[in-house]
Amino acid sequence: MGLKGFLGIDVGGANLKIAHKDRAEIIYFPMWKKAEGLESLLKNISKKYDAIKAGVVMTAELADVFESKKDGVNFVANACKNAFEEVVFLDIDGNLKDRIDDPVKFAASNWIASCKFLISEGFRNFLFVDIGSTTTDIIPVTDKIEAAKTDYERLKRGEMLYFGILRTPVFYILREFEGTKLVPEYFSITADVFILTNDISSSDYTCETPDGKAKDRFCCMRRLARSLCCDVGEIGEEKIEKMAFMVKKEMIKEISKAIRDRIEYYGLKKVFGCGIGEFLIKEACKNVGVECTLLSSIYGDFSKIFPAFAMMKLVEKL
């Protein structure tokens, strides 16, 4: 199957990721607000890329707009079928199918695509780490994918950390700063943090801001100060920047712990890292002392949307 007119698509709860042979694209699409517009968006994407075929994985079924994961999977699948003439889906057992025969088996399937593709490329005995806007996947692979097959079980086993580079509330990561507990209000998110640590730019800040205001450095500081019930002038810019770096440090610490646990348990020697949070994976691997290959060094910008890219390549081989 040629790539002309063919796409790999990862339908997430917050972002739609599209892989085309020439381009990687991320569209902010909060499913909990805009689900009814999914089919229309997919049809526009089909026209934009002149695509009649798509390989699809999803995590959007968890959005609370749906009554259940089953409902979410069926909703996404129907939107895809109506937008493209031919659609191939991937289930959690790694099977490529042209129909949804058991909806629960297609929930949270995007990381399966990534690992299945790397295995098809000849890689074995590695830890796959993908840090996106919202979550971090930590998937052990020997000669097969060893991770649990549901989000719930992966959370229990430390194979998914529910934080990411953009959308995570800061109080979830950093519980206190200089003896003061952060307040559990939706005042600031990790995107604000990584603007201040210079790890992302305003153009990378693709989600909405908590206060609906701008994404420049000062506005990020103001939001972080709010997490301590402060104004910027009250606490000072230097302390706000210090807090931002403490958040980053805590995330690296948690990622390092999870990586160490999985590589020791399975006897793995190397890590493949991808996603918009590659920079955290690199630092975590240094802490652990494990070999790390960032997939951007092999696949370029497709590293940022690796499950969509992997799905495109898997279906190409059919």
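Buried means under 20% relative accessible area, with exposed over 50% and partly exposed in between (1.4 Å probe, protein chains only). By that cut-off Ser114 is buried, because its relative accessible area is 0%. This is a predicted model, in which local features need pLDDT of at least 70 and side-chain atom pairs count only at pLDDT 80 or more, while totals for chains, interfaces and linings use all residues. Residues are numbered from 1 along each chain as its sequence is written, and side-chain values use heavy atoms, with hydrogens and water left out.

**Serine 114**
- Ser114 sits in helix 4, residues 110–120 (helices are DSSP runs of H or I with at least four residues, strands are runs of E with at least two, and both are numbered from the N terminus).
- Leaving aside residues up to four places away in sequence, Ser114 touches Phe128, Phe306, Pro307 and Ala310 (contact means heavy atoms within 4.5 Å).

**Helix 8 and helix 10**
- Helix 8 (residues 217–226) packs against helix 10 (residues 237–266) at an angle of about 80°, and their axes are 10 Å apart (axes are lines fitted to C-alpha atoms, for helices over the stretch in contact, and angles run from 0 to 180 degrees between N-to-C directions).
- The two helices are therefore roughly perpendicular (65 to 115 degrees; under 35 is roughly parallel, over 145 roughly antiparallel and the rest oblique).
- Helix 8 contributes Arg217, Phe218, Met221, Leu224 and Ala225 to the contact, and helix 10 contributes Glu237, Ile240, Glu241, Met243 and Ala244.
- The contact has seven nonpolar, no polar and three charged residues (Ala, Val, Leu, Ile, Met, Phe, Trp, Tyr, Cys and Pro are nonpolar, Asp, Glu, Lys and Arg charged, and the others, Gly among them, polar).

**Largest pocket**
- The largest pocket holds about 580 Å³ of space (on a 1 Å grid over the protein atoms alone, a pocket is an open set of points where a 1.4 Å probe fits, with protein on both sides within 12 Å along at least five of seven lines).
- It is lined by 31 residues, of which Gly13, Thr59, Thr134, Thr135 and Tyr162 are the closest to its centre (lining residues have an atom within 4 Å of a point).
- Strand 2 (15–20), helix 4, strand 7 (126–131) and helix 5 (151–157) give two or more residues each to this lining.
- The lining divides into 12 nonpolar, 10 polar and nine charged residues.

**Second largest pocket**
- The second largest pocket holds about 460 Å³.
- Its lining has 24 residues, and the closest to the centre are Ile26, Asp204, Gly275, Ile276 and Lys304.
- Strand 3 gives the most to this lining, with three residues.

Key
Grid points are joined across faces, edges and corners, and a volume is the space filled by probe spheres set on the points.
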